[in-house]
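Welcome, and please open your viewer. We will walk through the model one selection at a time.

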Amino acid sequence: ISVEKKNPLKSALEMPHLAAPASPPPAPNLMSDAREAASSSPPSERGRRKAVVVVMGATGAGKSRLAVDLAGHFAGVEVVSADSMQVYRGLDVLTNKVSLDEQNGVPHHLLSIVDPSVEFTCRHFRDHALPIIEDILDRGGLPVVVGGTNFYIQALVSPFLFEDMSEDMQGCTLSDQLDDIGLATDGVGSGYEHLKEIDPIAAQRIHPNNHRKIKRYLELYATTGALPSDLFQGEAAEDKWGRPTSSRFDCCFLWVDAELHVLDNYVNERVDCMINAGLLDEVRNIYNPGAVYTQGLRQAIGVREFDEFFRLYFTKKESDEIKAGMLNLHDDKLKSLLDEAVSQLKANTRRLVRRQRRRLHRLNKDFGWNLHHIDATEAFQCTTGDSWHVKVIKPCADTVRRFLSNDTTLASKDCSNDGGGTRLASRELWTQYVCEACDNRVLRGAHEWEQHKQGRGHRRRTQRLKRKSKIKSTSSEAEV
């Protein structure tokens, strides 16, 4: 069947703050005051670091919509996307890119600029974003950085970035580098084991499945002979890594959030809308049975999940067993695989929401970021048309207005007295925990470990193991 390509959020979700057109501007006097505050004191002329607004939040929280709405309150707003998948060309529905209509005339940068097969790292993002932000500021505008890829934003804010340690790797290919350490012909899985041999401390810092970072660590060792752990545990790294105090910009961080069950419900509904809006067609167009799902656009949540479905789909398509479209399948096995893939897509997106929220909590608590938390729960649940404006846009606009006027109550937190605590938190990242009850799941740092132990899944598995152990012990005693 042919499906009209619409943005799923506009037509199907009855959530006023996301389904409606861009919010109407406030009363004339408020608009005038806001524009005057923004335009009469350009960031570059206020005698401080250049001002940048950063909108953060989990997937589905409404970050992109908020950024566009802020343009109705402040002159010269231009959006800089900080999304690791939207930067690639393609999969517009799956990655939920802001359409031209939804952009409402607000300039957007770093959307659909990279070939889908190219690896795009935090360093690449920083090197692309910095000149764009500087150009916006030079023209008297207000850059609004928006995205859920927190490491991209961290690369902008923090002056310390891992990729900067390997400047001299430019002329050396990956195969050359790995060949130097005897790893060129080995499988991906052996990389982590090799890293454990050469630098067990660094291996503790990353998850065994984080193949990209494992590769970067091995590259660094192969080309410089330096152990990654020596770099990350140095005094300079402890002072700079992840902290905004030495940033070239003065940032106003807005964290738009909602209660977890509300975000979960929204994510489930959004996936259903994406399916109806053409997600399957997008994934089918890039499907390759021999594809690697750890590089480029194929890393996106929603690609790997449909691998089994499309594997069988194309097999039956070649044998001319399929006559109908993908949404009108009559094959029970294919329908079952499709249902499983959609359920997995929803589950993996919900997990992403949890990871993003945990990361934001850590940036705020452990790294001294001054995140202004805006709870949008009521705006999600309310059916009145102005709930998004009242509960989200207005408090955010007020926060930005005070920030631009150099209000001292919004100054970044002074972390000078918290250095020891942050260094301790940074060192905690080097401690790795393995939960045997949960199939040897790997957790990084005490914070993740404590959060994991409080989870319902972990508690259920632990109780189950205790019961089994008790039954086994009772049986052994009876035999004796």
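Begin by selecting Gln86 and Asn96: a polar atom of the Gln86 side chain lies 3.2 Å from the backbone oxygen of Asn96. That is a polar contact, meaning a pair of N or O atoms within 3.5 Å; within protein, one must be able to donate a hydrogen and the other to accept it, and residues adjacent in sequence count only if both atoms are side-chain atoms. Before going on, note that this is a predicted model, where local features need pLDDT of at least 70 and side-chain atom pairs count only at pLDDT 80 or more, while totals for chains, interfaces and linings use all residues. Residues are numbered from 1 along each chain as its sequence is written, and side-chain values use heavy atoms, with hydrogens and water left out.

Gln86 sits in the loop between β2 (77-81) and α5 (100-103); helices (H or I, at least four residues) and strands (E, at least two) are DSSP runs, numbered from the N terminus. Is Gln86 buried or exposed? Its relative accessibility is 8%, so Gln86 counts as buried. Here buried means under 20% relative accessible area, exposed means over 50%, and partly exposed is in between (1.4 Å probe, protein chains only).

Next, select Lys97 and Asp92, whose side chains meet in a salt bridge, 3.0 Å from N to O. The term stands for a side-chain nitrogen of Lys or Arg within 4 Å of a carboxyl oxygen of Asp or Glu. Lys97 is buried at 8% relative accessible area, whereas Asp92 is partly exposed at 39%.

How many salt bridges does a search of the whole structure find? The count is 19. For another of these pairs, select Lys50 and Glu134, with their closest N and O atoms 2.9 Å apart. Lys50 belongs to strand β1 (residues 50-56) and Glu134 to helix α6 (residues 122-138), so this pair ties together parts that are 84 residues apart in sequence. Both ends are partly exposed: Lys50 has 26% relative accessibility and Glu134 has 25%.

Stay with helix α6 and pick Arg123 and Asp127, which lie 4 residues apart, about one turn of the helix. They form a salt bridge, with the closest N and O atoms 3.7 Å apart. Arg123 is buried at 13%, and Asp127 is partly exposed at 39%. Then select Glu78, Asp135 and Arg139 together to see a network of salt bridges.

Two backbone stops come next. Most residues other than glycine have a negative phi. Asn104, in the loop between α5 and β3 (108-109), has a positive phi of about 55 degrees although it is not a glycine. Leu110, in the loop between β3 and α6, has a positive phi of about 65 degrees, and Leu110 is buried at 6% relative accessible area.

Finish on the surface. Select Arg351, Arg355, Arg441, Arg456, Arg459, Arg460, Arg461, Arg464, Arg467 and Lys468, which gather in a patch of positive charge. Patches are made of residues with over 30% relative accessible area and no salt bridge, with like charges joined within 9 Å and nonpolar side chains (Val, Leu, Ile, Met, Phe, Trp, Tyr) within 5 Å. Which element gives the most to the positive patch? Color α22 to find out: α22 contributes 7 residues. For a last stop, center on Arg355 in helix α17, which is partly exposed at 43% relative accessibility.

Conventions: Accessible areas come from the Shrake-Rupley method with a 1.4 Å probe; for residues, only the protein chains shown count as cover. Lys and Arg count as positive and Asp and Glu as negative; His and the chain ends are not counted. The place of a charge is taken as NZ of Lys, CZ of Arg, CG of Asp or CD of Glu.
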